[in-house]
Amino acid sequence: MNNYAKIRAKELLYQNTARLFLISLVSFLLRWCALALIGLAPYFYFRSPLYSQLCELTGTLWGNVISITLTVLLDIGLLCLVCGIKTGEHWVYLQRLNSLKPRLRFLFRFLSPKKSFKALALYSGIFFLKTTWVMYFMIPPVMCLGCAIYLIMRGADVVTVFVPAAAGAVLLSAVVVLIQSTFSRYSQSAFYMVSRRGASVKEAIDYSINATDGRLNERTVYLFSLTGWALSCVLIVPMAYVVPYLKLCSVTFAEECRKAPLCQSEYAVNILEIHPSI
């Protein structure tokens, strides 16, 4: 599946590299400008004469309440813009998967209030799930680190400190792989939501979990096999090819998982591909 997905991605990229890169670049700039505005707008507003005048007219308490409320609403609106554009970028690559020419206007398909807020709910849910998994997997390495720090504070010798420190390093290496594998559970949520009208956030996440269950190892190896391409982006020139290629690889792999029969495992994270019949 991995090799076929890469070959398919190269076929889809043929004669569309510049167009796809331009769309991804516009998406990147718009999203990061919006995120920068989320961070900078409150800073400049609360230092501006407008804030002082508002406090003079309504009082300091109501001035702060109104300002904070407007800031929160602005942040939510900008986050909806970011998520809507990101979802639109998924739509662009999904259309290319269907052999359609990528068009810049597809990028703004999900910027209506309802669709963009739904995209925000999806990405917020995925972010919460991923954060929970990271906290869970990091417990053993953090415990080893805590033991090492405790031994250092107690004046233990180097060999004694080395044992929990080395165990923590080994566990951390395993955690990196496990986190990447677990994150793959949610990799198809956005593609499912944009391709199925009326699909809820929960349905999109559940579909992604079912579609990737039993193939987490395969996807993890697939992603690590693309590391060389990602590292080549240290230089500016390869980015024009690598960025759309990697995104198409993600789409083609998701499509191959969609075509394959869903795994019937009972287990939430089927990394070992354990089936009920075993």
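**Figure 1. Ser-99 in the loop between helix H4 (60–97) and helix H5 (113–137).** Helices are DSSP runs of H or I with at least four residues, numbered from the N terminus. The phi of Ser-99 is near 70°, a positive value in a residue other than glycine. Most residues other than glycine have a negative phi. The model is predicted, and local features need pLDDT of at least 70. Residues are numbered from 1 along each chain as its sequence is written.

**Figure 2. Gln-15 in the loop between helix H1 (2–13) and helix H2 (17–45).** Gln-15 has a positive phi, near 65°. Gln-15 is exposed, with a relative accessible area of 62% (exposed means over 50%, with a 1.4 Å probe and protein chains only).

**Figure 3. The largest pocket, with a volume of about 940 Å³.** A pocket is an open set of points on a 1 Å grid over the protein atoms alone, where a 1.4 Å probe fits, with protein on both sides within 12 Å along at least five of seven lines; lining residues have an atom within 4 Å of a point. The volume is the space filled by probe spheres set on the points. Among the 30 lining residues, His-90, Lys-130, Ser-187, Arg-219 and Ser-250 are the closest to the centre. Helix H12 (236–259) is one of the elements that give two or more residues to this lining, and its share of 6 residues is the largest.

**Figure 4. The second largest pocket, with a volume of about 330 Å³.** Its lining includes Trp-91, Arg-109, Phe-110 and Gly-198. H5 and H8 are the elements that each give two or more residues to this lining.

Technical notes. Predicted model: local features only at pLDDT ≥ 70, side-chain atom pairs only at ≥ 80, totals over all residues. Heavy atoms only, no water. Buried < 20%, exposed > 50% of the residue type's maximum accessible area, 1.4 Å probe, protein only.
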